[in-house]
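Please look over the model shown here. A short report on its chain contact follows.

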Amino acid sequence: VAVSVLLAAGTLEAARRPRYGGELRIETRATPRTPDPSEAAFLSYVFETLVRLDDRGEPEPWLAASWTHEPARKRWIFTARQNVKLHNGALWAPGLISVADDQPIEKILRDLARPRNAVVVRAEDGSPVGTGPFRIARWEAEKSATLTAHDEYWGGRPYLDRAEIRMGRALPEEALDFELGKADVVEIPITDLRRFRQRGVPVFVSPPSEILALEFEGTLANDAIREAVALSIDRGAIYNVLLQKQGEISGALLPLWIGGYSFLFATERDVSRARQLASPPRTLAFAYDRQDAMMRAIGERIAVNTSEAGITMRPAAGTTADVRLERLPIISRDPWLALEELASLLKIPWPSAAGTPYDAERVLLEGFRVIPLFHLPDAWALSRRVRNWPHLADVWLDARETP
Amino acid sequence: LTFRTKLLFISSFTVAGAVALVTGAVSVSTRRSFERIDRERREAMLDQFRRELDAQGQDVIRRVEKAAASPGVQQIAAGAAEYDRAQAEADAASLDFLDVLQPDLTIISSAHWPARFGYKNDWQIAPEDWNAADAFLTRIPQPEGSATALAAVRPAAGGKGYVAGARRLSPEFLKSLGLAPGLRALLWLAPHEVVDAKGGVRDPEKLDGLIAEVQRSGRQANGVVQWTADRSSSEAFVAFPLSRRGRLMGVLLAGASLREQIALERSILWTGVLVGGSGIAIGVLLGWWTTERITRPVERLAAGARAVAGGDWSTRVDVMSQDEIGELARAFNHMTEQLLEQRERAIQAERVAAWRELARRLAHELKNPLFPLQITVENLQRARHRPEAEFDEVFRESTSTLLAELANLNTIIGRFSDFAKMPRPQFESVDVNEIVRVVMKLHDARFRAGGRPKIEPELDLAAGELRISADGEQLRRALGNLVLNAMDAMPSGGTLRVRTARQDGGVRLEVSDTGQGLTQEECARLFTPYYTTKHHGTGLGLAIVQSVVSDHHGKISVASQPGLGAAFIIDLPGKQGDPL
């Protein structure tokens, strides 16, 4: 009995331990045309940067093992990590890596951590070659990609042999494939979280990674009208009912976990003030993604809210809209990087004189050209065999669970 | 208009009027019958609508009760379901609208407008509806407007919530009415939707007037709508308001096509036109025949009368019948015979009178010279026995007297001879004004002659020349006679006025005096030859004037009253051959 117990305990322990091998099937809405690291998150496991931001947003050495300042040359010298091999088996030996010190080192490091600054080596046939734990085995633009394990990865071979990624999938398609067992990891709307959880499906919810905001265009809506819209929206009801308390209410561009100050931006509703500002009643063309159930529900609710202030939100096509409901990604844990990217997406001039992210954000939000509403997390449904999601390099498949 | 035309018009109008009267009476009677039948049909349809509304209401109640008892609604009311769960419950109960409400009417979940959660329901639900047995009409707000629906409310989840469900009043509802041919039901739903059993209605704005009337009065209204330019597209509507608590939810329009009625009215009208036209044609023919028989003798009588007026007193008309017209013809013939006989008698009497007057005047004129002749001859006979010297003296004086009196006789006879020998006028273009001036100048010395009261001449001549075709010499003679006559009429002096004027293409010449005037009898006989009112003269002056005027195809008249003078008026034609 004792032997049996020991054998069983050993088997159980073995099952808990990560194991190598297997293929992970991932589906995503993203549609990268090229294997550019800045186009899809999963490509960060193919192409690495010299510096990486940790979970707290602080830079940490990655392909660059260290960096020193040479005042005489007015440059920062980065020392490449040793024994880093490219996907084609060649040793990565970049030689001297130096960056001018015309900017603070913090900003230089944040820039180097951007996906677009990842190390990409062109092979003889022109194809991009990286250093990450996975290599691109097959690439069909906007449709699918196959990543295979990089056996000579400097950080150690990933557990998975292969990751099959289907791109450009709509959420209902992803949900259907997941139900049919054709996918291991799919994106799910956060409004479906309760349903998945009630069914006992493993889900993963990230920290807020995108912002839901109203963006105004044109001159039909002036400052007063935009402020009236901002004051008329009942964020609490939307958060409690439509978002099922996922994410966070916010009047700021950056979520609390990145900026740390979002509570300083007002989110309270004031219908009477909004009605004063909106007098006489106006009609605005309002666009949102009607194919996205969550966006449609929130858009309709916003229209109901603004109607109380005398502002009629008439559904319209995106090209002719006065105001649109947008989901904007927060691409970095670094507040400066994230704000700069949001300013770029929103086509708002960057306030270069701002001393802090808070100051920059106050300037960006002046005039209510953008009204932040919520910060939303990403959510995935996982098959029962998937372990250690979302870090693909650490993901392994539990053999006890059937795919 | 001629008598014949009048008679034709009268007969035509009589026929047309009678036909129009009959046609109108039949049309009105037909229209009233149709309207009565349509009214009865529409009222029957309204009754059917109310019954169908009740039945549909019961159906809505059953569906709402079913929804209220469903587990899904229980979960919603308990806050254990997603915000849009009501959609599934509405689908399951086949309800178009469904709100799951808290007791304070806050929407927990709305099927037709999920985004309205947390807001108050505004279906005009009153507390008495919550457990009411009946369904009710109400307007339900939607994102794209509002809809009229039949709603019911039932408690759910043991009173922790309520379910308000409704079904839209739609074309399908109207289909269930099973209308009679020619009848249809329309449903007007605020703000601008109009549907019938087939769906949307073309040109719904044509109903605006009727709807506005219902909205204004809140009562049933009637009206006729003509859908196209063709009048037969007209439809008579009765609009019945569907209200709740004073708010107009919709309007039921019961429409009856007027196509058959208008077709029948047109048929009656065309029949009337046909009958009337035929009647008028027959009436015209009959009238023509009748009037021909009546008016032809009358026309012959009229022609005979015109001939008599023209001087042909021997005119006779044919007597064609023995009726009133024939009697009239006989009377006409008798009249002309009598006129002819009387004229003959009058001419004879006038002729005798003229001869008597001539004899009297001749006797008078001849008697005066004859008496001295007789005395002179008798003196001469007595002087034959006297001494020769004395006889010579007497003889000389007597022969002188005889010669003088014989010359006087010769003059008298010459005057009569002149009148008998009035020459034919020689027409030429003359200026009447100029003739007047010449004549007045010739007599000017007489007007101012001493030893007698003064006569003041006055000329009132038309402007310019007054040219006519006339014999200037004869006119001067006639005018001179009139001037002399006027002077004789004013022994105590006065004013002699000569006036000329244009008159109907000719000339009017008027010579008036301020003398003693004439009596009616004197005026009547004034132009008779040898008639005179004076103690001297032959009575031929005015007769010569009349003769001249007559030869010029003119006309002379006199106007006078005793003591007020007299005026002789001569009208002469501008051209000879044109009688005045």
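## Interface of chain B and chain A

By class, the side of chain B that touches chain A has seven nonpolar residues, one polar and two charged. Here Ala, Val, Leu, Ile, Met, Phe, Trp, Tyr, Cys and Pro count as nonpolar, Asp, Glu, Lys and Arg as charged, and the others, Gly among them, as polar.

This is a predicted model, in which local features need pLDDT of at least 70, side-chain atom pairs count only at pLDDT 80 or more, and totals for chains, interfaces and linings use all residues. Residues are numbered from 1 along each chain as its sequence is written, chains are lettered from A and ligands numbered from 1 in the order in which they are written, and side-chain values use heavy atoms, without hydrogens and water.

The contact (heavy atoms within 4.5 Å) is split by chain as follows.

| Chain | Residues in the contact |
|---|---|
| chain B | 10 residues |
| chain A | 14 residues |

Chain B and chain A bury about 930 Å² between them, and carbon and sulfur atoms give 61% of that. Buried area is the accessible area (1.4 Å probe) that two parts lose on being put together, summed over both. Y83(B), F117(B) and Y119(B) supply 57% of the area that chain B buries against chain A, more than any other three residues.

Chain B has 580 residues, and 42% of them count as buried (under 20% relative accessible area, 1.4 Å probe, protein chains only).

Terms used
Buried means under 20% relative accessible area, exposed over 50%, partly exposed in between (1.4 Å probe, protein chains only).
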